[in-house]
Amino acid sequence: MADRYWVGGTGSWSSTNTANWSDSSGGAGGASVPTAADNVFFDANSNVGTGAFTVTMANSPRVCNDFTASGLDGTMTLAGAIIGLTVSGSLTFQATNFVRTYTGTTTFNATTTGKTVTTNGVAFGAAVTFDGVGGGWILQNAMSIGGTNQTTTLTNGTLDLASYTLSTGRFSSSNSNTRTIAFGTGNITCTGTGTVWNTGTPTNLTTTGTQVVNVTSTGSTAITVSVGALSQANSISFNFTGGTYGLSLGGSNSAVKNLNFTGYAGTLGEVLIITVYGNLILSTGMSLTASTFTWRFRATSGTQQITTNAKTLDFPVDFNGVGGTFQLQDALTMGSTRTATLTNGTLDLFGKTLTVGTAFTTATGTKNLTFNGGTLVCPTAATTAFNNAAPTNFTTTAGTGTGTISMTAATAKTFVGGGSTFNCTLNQGGAGALTITGSNTFNDITNTTQPASILFTAGTTSTFSNFSLSGTAGNLITIGSATAASHTLSKASGTVSSDYLSISRSTATGG
């Protein structure tokens with residue numbers, strides 16, 4: 001390893017020119033051209049007097065160990081048409097008196113950690129690649145890749161943002177090599193079009209820190225964010241802050257932490273499977289394309305918030321995070337042909353209304369439905385409009401206020417209770433007959449339409465803390481059994497006072 005100092009002012013940094021290289025600052029030229037093991041320096045003795053000078057890289061990508069431009073007293077231009085620079089150590093650009101115009105790729109290929117990148121506000125004009133097995137690079141200040149479609153690529157090693165922003169047209173790290181994005185308290189901002197983010201093959205990719213990517217692209221040119229099936233620990237939050245472009249969250253199985261579309265006014269296209277480990281915020285100005293695949297909420301801890309801003313989710317939705325809580329921040333409405341599934345975790349309606357499509361169903365897992373004054377609306381005429389298909393380890397929590405499950409179809413529908421306790425009110429909210437299966441317990445049963453029928457399955461016992469069914473003159477509420485056999489209605493204490501009922505095959509106990 002040797003040190004090489006530029007001398008003599010303007011000249012060519014080529015594979016053969018030795019006239020401008022010295023082994024000391026301001027020394028005589030004639031030293032050998034720097035190799036990948038040598039440190040290069042550009043300083044106050046590199047020019048003639050204090051005049052401006054240009055160093056033009058030529059022949060092939062120029063190489064060095066450390067690259068340092070510091071102490072310049074005249075403007076230095078580092079030039080080179082499509083000629084790149086490969087740095088095997090650290091890099092420092094001077095904040096003043098330094099201009100970079102070369103248009104080739106800058107490659108960092110260190111194989112040890114502790115290397116630094118200090119740009120001092122000088123932008124790279126073309127692609128930047130980090131590719132060193134075992135290498136590690138730490139930003140010392142904000143780093144910018146000029147050009148909206150220039151790409152920053154992480155192929156091997158660790159890129160540590162520390163507390164700074166990496167601004168780039170595109171970012172790519174899609175391979176199976178061992179590599180890490182250490183966000184620290186920093187973030188990555190993508191400004192380009194096309195595939196602005198690509199971790200589609202996330203094998204051996206680790207992310208740490210704040211894990212935030214801001215997509216600040218504008219205009220209407222289509223954008224793809226290919227995330228890949230990142231684990232919850234490695235998942236990244238994406239903020240889309242503007243633009244009217246069509247957006248594809250590419251890949252057959254993409255996973256993100258928080259997904260925030262505030263300010264975005266384009267169309268989110270079809271997604272195959274998207275897993276959200278954190279919060280979801282849709283914007284009022286965006287559109288969503290119907291999808292035949294599934295959005296999955298999978299957080300395993302904490303409370304994650306879902307804000308839809310009146311957008312219909314026309315795709316299946318699955319809540320499946322062991323130990324996680326998914327809390328509505330406004331009304332959530334699904335497409336009429338879509339199913340909501342609660343598999344694991346707590347779905348907290350938080351005083352809001354969840355309107356599902358074909359059904360609300362439970363699946364095998366430990367799950368809880370919390371109301372806090374919210375309403376679950378099941379609007380379809382189906383034998384499984386509410387389907388507690390996996391009642392084991394299913395619980396409900398009333399929370400604050402009165403929660404409601406409202407069955408609103410105008411034709412026959414079924415509430416499959418599974419023999420569970422429902423700490424809420426069950427409402428017959430549509431003219432179609434409501435069949436209730438299983439021996440279930442309810443806080444209350446009501447109706448908001450009449451005439452209407454409520455049928456219980458034979459041999460079951462339905463238990464109520466309150467019983468508030470009532471019809472009106474000429475519009476009776478019919479209470480009966482789904483078959484010729486009888487069922488039991490139980491209220492432990494108190495008086496039931498209801499009007500305009502037509503009751504058959506019903507045994508009343510208690511009270």
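This is a predicted model: local features need pLDDT of at least 70, side-chain atom pairs count only at pLDDT 80 or more; totals for chains, interfaces and linings use all residues.

Reader: What about charges, how many positive and negative side chains?

Author: There are 16 positive and 15 negative side chains. The centres of the two sets sit 13 Å apart.

Reader: OK, switching to the fold. How many helices and strands?

Author: Zero helices, and 55 strands. As for overall shape, the radius of gyration is 33 Å, well over the 24 Å that the globule rule gives for 511 residues, so the chain is more spread out than a compact globule.

Reader: What does the C-alpha trace span along its principal axes?

Author: About 110 × 35 × 30 Å.

Reader: And what share of the contacts is between residues 24 or more positions apart?

Author: Counting contacts with a separation of 6 or more, 43% are between residues 24 or more positions apart.

Reader: Let's do sheets. Which strands make up the open sheet of ten?

Author: In order, they are β35-β37-β39-β42-β45-β47-β49-β51-β53-β55, and the pairing is parallel.

Reader: Which strands stand at the edges?

Author: β35 (312-313) and β55 (506-509). Each has a single partner strand, so one side of each is left without a neighbour in the sheet.

Reader: Who pairs with β55, and over how many bridges?

Author: Strand β53, residues 487-490, pairs with β55 in the parallel sense over four bridges. Within that pair, Leu489 has Ala508 in β55 as its bridge partner.

Reader: Now the other end of the sequence. What does β1 pair with?

Author: β1 (residues 3-6) pairs with β4 (residues 39-42), parallel, over three bridges. Arg4 stands opposite Val40 in β4.

Reader: And which strand is β4 also parallel to, over three bridges?

Author: That's β7, residues 67-69. There, Phe42 has Ala69 in β7 as its bridge partner.

Reader: Nice. How about β21, what are its partners?

Author: One of them is β18 (residues 170-172), which pairs in the parallel sense with β21 (residues 194-198) over two bridges. In that pairing, Ser172 stands opposite Asn198. Another is β24 (residues 223-226), which runs parallel to β21 and is joined to it by four bridges. Thr195 has Thr224 in β24 as its bridge partner.

Reader: Quick one on threonines. Is Thr180 buried or exposed?

Author: Thr180 has 17% relative accessibility, so it counts as buried. You'll find Thr180 in β19 (residues 179-182).

Reader: What does Thr180 touch, leaving aside neighbours within four places in sequence?

Author: With those left out, Thr180 is in contact with Leu154, Gly157, Thr158, Leu159 and Thr206.

Reader: And Thr341, which strand is that in, and is it buried or exposed?

Author: Thr341 belongs to β38, residues 339-348. Thr341 has 17% relative accessibility, so it counts as buried. Apart from neighbours within four places in sequence, the contacts of Thr341 are Val317, Asp318, Phe319, Thr361 and Ala363.

Reader: What about phi at Gln211?

Author: Gln211 has a positive phi of about 50°, although it is not a glycine. Most residues other than glycine have a negative phi.

Reader: Where does Gln211 sit, and is it buried or exposed?

Author: Gln211 is in the loop between β22 (205-208) and β23 (212-215). At 4% relative accessibility, Gln211 counts as buried.

Definitions and conventions: Residues are numbered from 1 along each chain as its sequence is written. Side-chain values use heavy atoms; hydrogens and water are left out. The radius of gyration is taken over C-alpha atoms; the globule rule is 2.2 Å times the number of residues to the power 0.38. Contact means heavy atoms within 4.5 Å. Lys and Arg count as positive and Asp and Glu as negative; His and the chain ends are not counted. The place of a charge is taken as NZ of Lys, CZ of Arg, CG of Asp or CD of Glu. Two strands pair if DSSP finds at least two bridges between them. Buried means under 20% relative accessible area, exposed over 50%, partly exposed in between (1.4 Å probe, protein chains only).
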